[in-house]
Amino acid sequence: MKQVRIGNGCGFWGDNLDAPVILAERGRLDYLTLEYLAELTMSILALQKQRDPQAGFATDFLEVLERLGPALTSQPGLKIITNAGGMNPASCAARTRAILDQSGLTDRVVAVVRGDDLLGRLDQLLSQGHALANLDTGAALSTIRSRVVSANAYLGARPIVAALEKGASVVITGRVADASLTLGPAVYELGWGWQDWDRLSAGTVAGHLIECGAQATGGLWCNWQQAPDLADVGYPIAEIEADASFRITKPPGTGGAVNKETVAEQLLYEVGDPRQYLTPDVVADFTSVVLEDTARDTTLVRGARGTPATDTYKVSIAYRDGFSSSGTLIVTGPEARNKAQFCGEMILSRLRRAGVELEQSNIECLGSGDCLPGVLRSRADAPEVVLRVTVRDPRRAAVERFTKELAPLITSGPPGLAGYATGRPPVREVFSYWPALLAKSAVEPEVYIHG
């Protein structure tokens, strides 16, 4: 190809279920990407797989795929790249195969990318000298090893390209870098080399710009009032040329907006050093990028520069880290903020009197400036606030006792309390994030055709 059109219809597990269908029907795409995974998502999927060996993938994908049947039938060349496989890409592929067959799409080849899941290899890797130390604190993994529930390397675009070379129409991966979902088909279709760092950087920038869905097309835009019909926001399309310039746009007739502001905001989203955006495929320099609005809802992106990728993969590890609960009450009337703060302190005082000293607690008076302390001015005269008390502790019993202390305030606290009819707040298990690095030589991505 001289040009490839790649649209992303999902930015996270829980995103709009209609968006991929609209994008496939109106977008004139070559590839539809669907990005479901986040660090917390992986730990949730790991627990699901522990309970059921056939679970552990993003089930929303199956519902979307069923609805994509007509678009895939009318567009034989349309291919899907998704990380919906999560912790169990093989099981996701099996369900995918069944849905495609039921839709009469028996000729579509389903490929699986795996090798990112390191949970079963952790002890072996540690014994081989791979420290997997916490990138933020330098702490040794051994300090939390017994509580680890998931460990996944962020693979890159190479195995996706390998899957396409095998004739895949649907590529299902586990954990890969978000931008690699777009870079893979760009490399495959446009014939880019693995040492062509500037082009790889451009493909990575394109992937980064569309990976969060509507964030590039008017969602979270600082001038959101200027985005027409945001309720029907269109999801982004990257129209990539062989020379690595590309345009960001959206399907005609959809809401939202694409312009230099919406694109620039997404460009800097979740970026530490814009000069060195580290991916498994390339180190991209976002400061070299030039944006130009060339038509309504069309922004040209060019000038991306890149340097060789590092010799390590980022590894995302999740581990059990106690229990948490968060309860809310509505507080109204004069001195609402003071009453809410007083109620929060009453709860903690009663717990201490009962012999329960919680490891962490937080009292917030939402509506008075507590959401962004130091940024929003605190309002002592707010006519109503929402009291939110959150606690965390290694002991589940201690957190459960906290959940029983909100309702008594209704008759034993100050006047003006409401919002207790929903019952006691739930206790949630806490999973904490452990970022690490691992030599690429220790990971072997695998690609196979399902069936």
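Arg175 is buried in this predicted model, because its relative accessible area of 3% falls under the 20% cut-off for burial. The residue sits in the loop that links β6 (170-173) to α8 (180-190).

**Surroundings of Arg175**

Not counting residues up to four places away in sequence, Arg175 touches Glu35, Leu37, Ala38, Glu39 and Met42, together with Asn83, Gly86, Asp116, Asn152, Ala153, Tyr154 and Leu155. Thr390 lies 215 residues from Arg175 along the chain, and the C-alpha atoms of the two are separated by 31 Å.

**Helix α7**

In helix α7 (residues 158-165), the buried residues are Pro159, Ile160, Val161, Ala163 and Leu164. Their cover includes strands β2 (31-34), β3 (79-82), β4 (110-114), β6 and β19 (446-449), as well as helix α8. Just after α7, Gly167 adopts a positive phi of about 95°.

**Nonpolar cores**

The largest nonpolar core has 63 residues, and Val205, Ile240, Ile248 and Val301 have the most contacts inside it. Helix α9 gives the most to this core, with six residues. Another core lies apart from it, with 39 residues, among them Met42, Phe57, Ala71 and Ile172. One of these, Met42, is also touched by Arg175.

| Core | Size | Residues named |
|---|---|---|
| Largest nonpolar core | 63 residues | Val205, Ile240, Ile248 and Val301, with the most contacts inside it |

In soluble globular proteins, nonpolar side chains tend to be buried together. Ile248 touches Leu209, Ile210, Ile237, Ala238, Val258, Val263, Asp297, Thr298, Thr299 and Val301, with residues up to four places away in sequence left out.

**Packing of α9 against α10**

The axes of helix α9 (residues 197-210) and helix α10 (residues 260-267) come within 8 Å and cross at roughly 100°. That angle makes α9 roughly perpendicular to α10. From α9, Val205, His208 and Leu209 make the contact, and from α10, Val263, Gln266 and Leu267. By class, this contact of α9 with α10 has four nonpolar residues, two polar residues and no charged ones. Val205, a contributor to the α9 side, is also among the residues with the most contacts inside the largest nonpolar core. Leu209 and Val263, from the two sides of this helix contact, are both touched by Ile248.

Conventions
Residues numbered from 1 in each chain as written. Predicted model: local features only at pLDDT ≥ 70, side-chain atom pairs only at ≥ 80, totals over all residues. Heavy atoms only, no water. Axes fitted to C-alpha atoms, helices over the stretch in contact; angles between N-to-C directions. Helix = DSSP H or I, 4+ residues; strand = E, 2+ residues; numbered from the N terminus. Parallel < 35°, antiparallel > 145°, perpendicular 65-115°, else oblique. Contact = heavy atoms within 4.5 Å. Nonpolar A, V, L, I, M, F, W, Y, C, P; charged D, E, K, R; others polar. Buried < 20%, exposed > 50% of the residue type's maximum accessible area, 1.4 Å probe, protein only. Core = buried A, V, L, I, M, F, W, Y, C linked by side-chain atoms within 4.5 Å.
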